[in-house]
Amino acid sequence: MKIQKASLFALYAVLELASDPERQLSATDIADKYGVSTHHLAKILRTLVRSKLVQAVRGAGGGYRFTGVINRTTLLDVIELFETLESELDTPSPGDHAGDAIIEELQSITREIDDLTKAVLDTITLETALNSSRLRAKL
Amino acid sequence: MTEQVTIRNAMSSDFDAVIDLDLVGDPQEKPAYWRGIFDRYVASGRAGSIFLVAEFNGDVIGFIVGEVRAWEFGSPPCGWVFALSVSPKHREMGVGQLMLEEMCKRLKKAGVTTVRTMVDRENKLTLSFFRSQGMRTGRYIELEKLIDDI
């Protein structure tokens, strides 16, 4: 499985902002911290604002702050704003092909992998991910 | 609130309260199953078989059951948590965490250093709870198939 850049950058931004919901950060603050493009991150933040996970604060000293529910929002909730996490299996649709059984079996296996991936990402809340990150930082 | 919660060994008199808590998570009644669990985990007093309840204001508001299992699936001795419930009214107050921490202390005392559990992948609430306690996908993979067509 490969998480797209947009999803990854969104996770950086949401986790960074959720780590201190009182704090406002600019796109540049977050981009610099994670070594990503400010331009790309700004576009992602707009999607996060539309989803109401993040609020844009205008004016001097403005920026973005987290407005979601930290112990209810999962990593999958954030990722699914940008992609569906379905494995890409570039096969013809099953039809009148001699190889239909093999195609269907491979599709069934990729569905199994996708289901497991989603089951993991859908049960890790932002709060859990942040707590684990803090423990990791202490090691 | 958690300061007023007591985690203690389950007693035979907790039977009805445990059944009621179990029905919150799974509406299927299974008194015979719980009678067997009480016989094996409460009455027997076997080391490594642990059945705890959380009590608040004299009421049982949660339970957890676990034990040490050795060499199943080729695994060295390991702690297993196979039942856990907290009354919906008392969730998100740290009761599950208190019970799991006490369970882990007891399992460690019994000589194991790993704790495992298994949860239906649709049960997001319980999965999220165990993950919040630092548990991750383990090294064993559960496999299954329907056998009604054999």
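Guide: Helices (H or I, at least four residues) and strands (E, at least two) are DSSP runs, numbered from the N terminus. In chain B, helix 2 is followed by B:Gly45, whose phi is positive, near 65 degrees. Bear in mind that this is a predicted model, where local features need pLDDT of at least 70, side-chain atom pairs count only at pLDDT 80 or more, and totals for chains, interfaces and linings use all residues. As for labels, residues are numbered from 1 along each chain as its sequence is written, while chains are lettered from A and ligands numbered from 1 in the order in which they are written.

Visitor: Which residues of helix 2 of chain B are buried?

Guide: In helix 2 (residues 31-43) of chain B, that's B:Ile37, B:Phe38, B:Tyr41 and B:Val42. Buried takes 20 or more other C-beta atoms within 10 Å of a residue's own; 12 or fewer is exposed, in between is partly exposed, and C-beta atoms are placed from the backbone. An α-helix has 3.6 residues a turn, so residues three or four places apart point the same way. The buried residues of helix 2 pack against helix 1 (15-25), strand 2 (49-56) and strand 3 (59-69) of chain B.

Visitor: Over to chain A: what makes helix 2 oblique to helix 3?

Guide: The axes of helix 2 (residues 27-34) and helix 3 (residues 38-50) of chain A come within 9 Å and cross at roughly 125 degrees. Under 35 degrees would be roughly parallel, over 145 roughly antiparallel, 65 to 115 roughly perpendicular, and the rest is oblique. Hence helix 2 of chain A is oblique to helix 3 of chain A. Touching there (C-beta atoms within 7 Å) are A:Ala27, A:Thr28, A:Ile30 and A:Ala31 from helix 2, and A:Thr38, A:Leu41, A:Ala42 and A:Leu45 from helix 3.

Visitor: Why is chain A called more spread out than a compact globule?

Guide: Chain A has six helices and two strands, running α-α-α-β-β-α-α-α from the N terminus on. Its radius of gyration is 18 Å, well over the 14 Å that the globule rule gives for 139 residues, so chain A is more spread out than a compact globule. The radius is taken over C-alpha atoms, and the rule is 2.2 Å times the number of residues to the power 0.38. The C-alpha atoms of chain A fill a box of roughly 65 × 35 × 25 Å along the principal axes, and 24% of the residues of chain A count as buried.

Visitor: How many residues of chain A are in contact with chain B?

Guide: Nine residues of chain A are in contact with eight of chain B. Helix 6 of chain A gives the most to chain A's side, with three residues.

Definitions and conventions: Contact = placed C-beta atoms within 7 Å. Axes fitted to C-alpha atoms, helices over the stretch in contact; angles between N-to-C directions.
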